[in-house]
Amino acid sequence: MNRSDAGSKELIAYAKSIGFDYEHMGGSIDGVLVWGDRPVLVEWKSKGGTLTPSQQRLIARGFPVRYVSRPEQLDALRAELMK
């Protein structure tokens with residue numbers, strides 16, 4: 001099972017502080033953010049972090065994964081989901 005690093009822990013805490021629920025998954029996708037009844041698959045990336053081969057395959061297949069490395073991205077996601 002993949003563990004969260006310090007950067008992702010801070011982003012998870014921020015996501016929760018602005019109203020998201022979060023469930024850790026591990027593997028190719030770190031977890032699921034939930035806004036109301038809307039799930040969003042998320043992969044936490046550190047600055048300059050690269051995609052793994054399995055993540056590259058998911059993107060190539062059109063899998064809806066959000067790659068998040070900054071709190072501003074969570075703010076934008078929240079605003080999008082509130083529409």
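View 1. Four strands make an open sheet with mixed pairing, in the order β1-β2-β3-β4. β1 (21-24) and β4 (65-68) sit at the edges with a single partner strand each, so one side of each has no neighbour in the sheet. On average, neighbouring strands here are turned by 35° against each other, direction ignored; the axes behind that angle are lines fitted to C-alpha atoms. Strands (E, at least two residues) and helices (H or I, at least four) are DSSP runs numbered from the N terminus, and two strands pair if DSSP finds at least two bridges between them. This is a predicted model, where local features need pLDDT of at least 70 and side-chain atom pairs count only at pLDDT 80 or more, while totals for chains, interfaces and linings use all residues. Residues are numbered from 1 along each chain as its sequence is written, and side-chain values use heavy atoms, with hydrogens and water left out.

**View 2. The β1-β2 hairpin.** β1 and β2 pair in the antiparallel sense over four bridges, and E23 stands opposite V32 in β2. The two strands form a hairpin with six residues between them, and G26 in the turn has a positive phi of about 80°.

**View 3. D30 in the loop.** Zoom in on the loop between β1 and β2 and you find D30. Is D30 buried or exposed? D30 counts as buried, at 13% relative accessibility (buried is under 20% relative accessible area, exposed over 50%, partly exposed in between, with a 1.4 Å probe and protein chains only). Leaving aside residues up to four places away in sequence, D30 touches Y22, E23, H24, M25, V42, E43 and W44; a contact means heavy atoms within 4.5 Å. D30 and E43 are 13 residues apart along the chain, with their C-alpha atoms separated by 4.9 Å.

View 4. Strand β2 (residues 31-35) and strand β3 (residues 38-44) pair in the antiparallel sense over five bridges, and V42 in β3 is the bridge partner of G31. β3 and β4 run parallel and are joined by four bridges; here L41 stands opposite V65 in β4. To get from β3 to β4 the chain goes through α2, in a right-handed β-α-β crossover (with the strands pointing away from the viewer, the path from the first strand over the helix to the second runs clockwise).

**View 5. Tyr meets Trp.** How many aromatic pairs does a search of the whole structure find? There are two, and the pair shown here is Y22 with W44: the ring centres are 5.7 Å apart and the planes at 55°, so the pair is tilted. For the bookkeeping, rings of Phe, Tyr and Trp (its six-membered ring) pair if their centres lie within 6.5 Å, with planes under 30 degrees apart called stacked, over 60 edge-to-face and the rest tilted. The pair links distant parts of the chain, with Y22 in strand β1 and W44 in strand β3, 22 residues apart. Y22 counts as buried at 15% relative accessibility, and W44 counts as buried at 8%.

**View 6. Q55, tucked into the model.** Q55 belongs to helix α2 (residues 53-60) and is buried, with a relative accessible area of 2%. The Q55 side chain makes a polar contact with the E43 side chain at 3.0 Å (a pair of N or O atoms within 3.5 Å; within protein, one must be able to donate a hydrogen and the other to accept it, and residues adjacent in sequence count only if both atoms are side-chain atoms). Not counting residues up to four places away in sequence, Q55 touches S28, E43, K45, T50 and Y67.

Definitions and conventions
Axes fitted to C-alpha atoms, helices over the stretch in contact; angles between N-to-C directions.
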